[in-house]
Amino acid sequence: YKSGNVVGVSYEPEKVRSPSRLPITPKSLEGARDPASGLFLTMPMNMKNDLAGVCGRNVRLFDGNEVYDLRLSLVEIGGPAPSGITGPTVTCSARYVPVAGHNPDDRSIKRLQNNKSMRITFARLGDTNAFVASRLSFRTGFGNLVVAAQ
């Protein structure tokens, strides 16, 4: 990554990609972030109190193998914040939208696309324009998965 853009990818040992996977192109990588930085969102300073706006966006992620969007939509404003966080919270539904690098016929990709249970709660860090994911939840084939900050 350089200046917020993917500038190169390398695999060691060299990875042979299946021809059934959609190719990753420079266009598909535009604006992509790594999944860890996708846990942090910012708002323009003059809109830091627009909590609904935190959810009204797509976040493009690249995990080294696939490019996908998380389409965020507002579920609720408010709710408990993790210990040590004083700012308000906002919960978004998240829809997985594959972009590139995936096999469109893969059953796990189809399950992710059809999963309507994904939720991410973001907590504003104090009086800043920065929001951090404080709770992630979604239904899996084995039960509900919840990851929460303490």
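**Entry 1: the disulfide.** I looked up the torsion about the S-S bond of Cys 55 and Cys 92, and it is about -80 degrees, so the disulfide is left-handed. The two ends come from distant parts of the chain: Cys 55 sits in helix H2, Cys 92 in strand S4 (residues 89-100), and they are 37 residues apart. I noted the S to S distance for Cys 55 and Cys 92 as 2.0 Å. For the term itself, a disulfide is a pair of cysteine sulfur atoms within 2.5 Å. How many disulfides does the structure hold? I found one.

Next I asked myself: is Cys 55 buried or exposed? Cys 55 is buried, with a relative accessible area of 0%. Cys 92 is buried too, with a value of 0%. My cut-offs: buried is under 20% relative accessible area, exposed is over 50%, and partly exposed is in between (1.4 Å probe, protein chains only).

**Entry 2: what I'm working with.** A reminder to myself: this is a predicted model, where local features need pLDDT of at least 70 and side-chain atom pairs count only at pLDDT 80 or more, while totals for chains, interfaces and linings use all residues. Residues are numbered from 1 along each chain as its sequence is written, and side-chain values use heavy atoms, with hydrogens and water left out.

**Entry 3: the whole chain.** I went through the secondary structure and got three helices and seven strands. Both are DSSP runs numbered from the N terminus: helices are H or I with at least four residues, strands are E with at least two. In what order do the elements run from the N terminus on? I wrote down α-β-α-β-β-β-α-β-β-β.

I then checked the box that the C-alpha atoms fill, and along the principal axes it is roughly 50 × 40 × 25 Å. The chain has 150 residues, and 34% of them count as buried. Its accessible surface comes to about 9100 Å², worked out by the Shrake-Rupley method with a 1.4 Å probe, where for residues only the protein chains shown count as cover. Carbon and sulfur atoms own 54% of that surface.

I also looked at contacts (heavy atoms within 4.5 Å). Taking those between residues at least 6 apart in sequence, 57% join residues at least 24 apart.

Entry 4: Some background first: side chains of opposite charge can pair when their charged atoms come close. My cut-off for a salt bridge is a side-chain nitrogen of Lys or Arg within 4 Å of a carboxyl oxygen of Asp or Glu. How many turn up in a search of the whole structure? I got three.

**Entry 5: Lys 48 and Asp 127.** This salt bridge has its closest N and O atoms 3.1 Å apart. Lys 48 lies in the loop between strand S1 (40-42) and helix H2 (51-55), and Asp 127 in the loop between strand S5 (119-124) and strand S6 (130-140), so the pair ties together parts that are 79 residues apart in sequence.

Lys 48 is buried at 13% relative accessibility, whereas Asp 127 counts as exposed at 55%. Leaving aside neighbours within four places in sequence, I listed what Lys 48 is in contact with: Met 43, Arg 124, Asp 127, Thr 128, Asn 129 and Phe 131.

**Entry 6: Asp 69 and Arg 60.** Where is Asp 69? I placed Asp 69 in strand S3 (residues 67-77). Asp 69 forms a salt bridge with Arg 60, with the closest N and O atoms 2.7 Å apart. A polar contact of 2.7 Å also joins these two side chains, Asp 69 and Arg 60. That term means a pair of N or O atoms within 3.5 Å; within protein, one must be able to donate a hydrogen and the other to accept it, and residues adjacent in sequence count only if both atoms are side-chain atoms.

Asp 69 is buried at 7%, while Arg 60 is partly exposed at 22%. Not counting residues up to four places away in sequence, Asp 69 touches several residues, including Val 59, Tyr 96 and Val 99.

**Entry 7: Glu 30 and Lys 27.** Here I read 3.6 Å between the closest N and O atoms of the salt bridge. Glu 30 counts as partly exposed at 47% relative accessibility, and Lys 27 is exposed at 60%.
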